[in-house]
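Thank you all for making time this morning.

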Amino acid sequence: MSICFSGNEAVAYAMKQINPDVMGAFPITPSTEIPEYFAQFVANGEVNTEFVTVESEHSSMSVCIAAEAAGARSVCATSSCGLALMYEMLYVAASDRLPITLACVNRALSGPININNDHSDSMGARDTGWIQIYAENNQEAYDNFIMSVPIGESVRLPVMACMDGFITSHAVENIELLETDSVHGFVGAYEPENYLLKKENPLAIGPYDISAYYMEHKVQQAEAMKSAKQRILEVGTAFEKLSGRSYGLFEEYRMEDAELAIVLIGSSAGTAKEAVENLREQGVKAGLVKIRVFRPFPSEELAKALANTKAVAVLDKSEGFSANGGPVFAETRSALYDLKERPYLINIVYGLGGRDFKTEDAEKVFARLARIAATGETGLVYTHMGQRTREAIV
Amino acid sequence: MIHAKDINERTPWEEMTPGGEIYEPGTARDFDTGTWRTDTPVFIAEACKHCMLCVPFCPDSAIPVKNGKRLEFDFMHCKGCGICVTVCPFAAIKMVSGGDAE
Amino acid sequence: MMATNELVEIRWHGRGGQGAKTACLLLAEVAALEGKFVQGFPEYGPERMGAPITAYNRICEKRCTVHSNIYYPNYVVVVDESLLDSVNVTAGLKEGGAVIINTPSSPEEIRPKLSGWTGRVSTIDARRISEEILGKNFPNTPMLAAVVKVSGVLDVERFLADIEDSFRHKFASKPQVIEGNMATLKKSLEEVQEG
C-alpha cells in the first residue's frame, strides 16, 4: 500500500503491525508522536499491547526489560535526554540479553537545550551493547523497525532503530507499507527458550557476577554483536523478498569508480546524493557511503568499499569531544588502518542541534576533497562546518 | 539446559548461560557459604522455648525447623552474623570465636 | 502552468496556530494521492502561538532525496500578512515563481511590501472567506486552494475530488465540516487575484 506518512507515523504503524506484547511509554520531543499514535491503536482495540505509562524514561526502559524478561515482546520510543536517562537501563537490557526494540528519534542533547536533530543521543549510547540501525527517510525508518525485531531476537541483543528527529520524524513523504499479515509472518511469534513466566523452570535474570564470571559474559555479548552482522544481512535478504527493498550494512551510492567519497549517516545522505549527482554531471568521480548499521560496525566491508578512493570525508552529526574527531570518523579511520594503501581521510562535524545541511554543503566538502586529492595536502584533519566563523575552512 | 552447579570458575565462556541466567530455583543451596564464618553460634537446646523468633531473623535461612521445633544450625550456610543471639529472649544461643563450635 | 516533471518547491510562512503546517502536510498528502512524490515538513523554532513558523513542500514526479530546508522556492505562501513587516518572504524566490499572500489588498497594493520582488504576486482574502463560510478565521484552507491554482502543480478538478475524499476520511465523525471546507476551497479558487 502506498501512502503519505511522517517518520513517526511510519514507525507507530510498524509497531501496530508487529502488535508487540508490551510498550513502555514516556513522551519526549520529537519521539512523542510514536506513543501518541500507538495509544490510539490501543484505545481502538487494533493491537493487544499492554501500554504501560510511566514517570520517566528510566522506567519506560525498565518496563521493557521486565516485560521482555517475562517472555513478552517489548517496544519503546525515545529521544535525546530521554535516551540519556535510560543510560543505566540500556546496559541492563543488553547484558541481560533482552531483545527489546527501541525507536530512537535522534535529537541533540542539552545544553544548551535544543529540540532539533543531531546524533549526540544515540552516539552517546553507542557502547551500551545495543545494535544500532539508522534510517535516511521514513521508508527506511519503517522498514528498519520491522527488521529490528527478528534481528534482535535471533542474537538476543536489543536494537535501537534510529531516525532523524523532525527531518524524518515530522516530514510526510510517500511510503510503501507492507500488509499486516506479511509483517506478522516476517517477525513471527516471540518464542524465547527461557523466560520468567515459563512455569516449567523458574528463572533468575541479571544475577550478580563476581570477577570470575563477568568477563566471560562480556565476551558472550561481544560475540553476539559480531554474529549480528551476518544476521542483519540475512534478515535484509528475507526482507527484500517480501518488499523488493534491499538493505545491507551500508549503502554505496555511485561508489563503483568513485575517487572522492563522503561517509555519513541518516537523512543528510539523501541530501548529499543530490550533490553526488550534480558533481557526476560535471565529470567528478564522486560517491557516497551511507552507514546504516553503526553497531556492529561494518569495519572490513567499509574498508573494502573505500579502498580505491583517493580522498574521503567522514561527516559526523555529533561531537564526541575527543579532540580527535567524531565517533563515525574514529571507527572509519580504524577500519582503514589495515589497508595497504589508504585514501586521505578528513573528519567534518556538521549539523549539530538542527543546523541545516544543504546540497551546497556536500558540494563544498567534495570540493575540499578534490583539492586534497590533487595536492596530497590534507590540511586540518578534524574540522566543523556550518558554524559562523571568522574564516571558513569548508 | 545448563545447570548452575555445573558452572564454576573454570567454565569457559562458551559453556556459560547468556547474561548469567539461572534456570532453576534455590541454587544458593549448592554454595557452601558457611566457610565465610569467623564467629559461630552455639545452640543451647535446653534453654530454647522454640519461640521461633530466631528463624525469620536469620538472613541466610540457616536455622532449619521441623515439626514446630528448631533444629541445629545449618553450618553450610550460616555466616556467623550473630543476629540470632541478639533476638533470642531466652539466652538459648551464644557466640563463640572461630569458624567452628568445637 | 509549470512543466510537471520538474521539482516544485513551496515555502509556507505563517504564525503558530494558523494551520500553515497542517495545510502544508495536506498539500503533500493530496499530491501523493495524484501519484506525485512529495515531502511536507515544518521547521520548528520556539513552539508557541503567534511565533513565525515556516513549512515546506517538495512535489515531483520522482523521489526527491534532498532533506534540507528550501532556500530557493518556486512558490511562497504567506498565511499572515503581518509577517511582511518582519520576514523577507521573497528571499530566494525563483524567477518565474510567485508569492501568494493572505490579504484583502490587491497584488499591486501589496507589492511595495515585498522587498523589490518584481515577479508574480497573488492575493486572496483568506480570512474573510473562511469567516464567511466556516464562521472562524481558518486561513489555511483558502491558502491551500490558492497555491494549487497559482502554481498549477496539481490539476484543480482532481485536487478538489482528492481533497474531498481525504476530508471524508479525516472528518468521518463530523461530516458537517466537509461541506464548509469544500466551499471555502472553491470560493478561494474563484477569488484568487493574480498580478
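What you see is a predicted model, in which local features need pLDDT of at least 70 and side-chain atom pairs count only at pLDDT 80 or more, while totals for chains, interfaces and linings use all residues. Residues are numbered from 1 along each chain as its sequence is written, and chains are lettered from A and ligands numbered from 1 in the order in which they are written.

Chain A, then, has twelve helices and 15 strands, where helices (H or I, at least four residues) and strands (E, at least two) are DSSP runs numbered from the N terminus. Its radius of gyration is 21 Å, close to the 21 Å that the globule rule gives for 394 residues, so chain A is as compact as a globular protein of that length; the radius is taken over C-alpha atoms, and the rule is 2.2 Å times the number of residues to the power 0.38. Along the principal axes, the C-alpha atoms of chain A fill a box of roughly 70 × 55 × 45 Å. Of the 394 residues, 55% count as buried, meaning that 20 or more other C-beta atoms, placed from the backbone, lie within 10 Å of the residue's own.

The 17 residues of α12(A), residues 359-375, should span 24 Å at 1.5 Å a residue, and the end C-alpha atoms are 25 Å apart, which agrees; the expected span is 1.5 Å times one less than the number of residues. Among the buried residues of α12(A) are Val365(A), Phe366(A), Leu369(A) and Ile372(A), and what covers the buried residues of this helix includes α9, β10, β11, β13 and β14 of chain A. Just after α12(A), Gly376(A) takes a positive phi of about 75 degrees.

Which chains share the most contacts? Of the two pairs of chains in contact, that is chains A and C, with a contact defined as two residues whose C-beta atoms, placed from the backbone, lie within 7 Å. Chain A brings 19 residues to this contact and chain C brings 16 residues, and on the side of chain A the helix α9(A) gives the most, with four residues. No contact joins chain B and chain C, whose closest C-alpha atoms lie 41 Å apart.

The sheet that I mentioned is open, has nine strands with mixed pairing, and runs in the order β1(A)-β8(A)-β2(C)-β3(C)-β1(C)-β4(C)-β5(C)-β6(C)-β7(C). At its edges stand β1(A) and β7(C), each with a single partner strand, so one side of each is left without a neighbour in the sheet. Where the chains meet, β8(A) and β2(C) pair in the antiparallel sense over two bridges, pairing being called when DSSP finds at least two bridges between strands, and Glu173(A) has Gln39(C) as its bridge partner. Towards the other end, β6(C) and β7(C) also pair in the antiparallel sense over two bridges, with Thr123(C) opposite Gln193(C).

How values were computed
A residue is buried if 20 or more other C-beta atoms lie within 10 Å of its own, exposed if 12 or fewer, and partly exposed in between; C-beta atoms are placed from the backbone.
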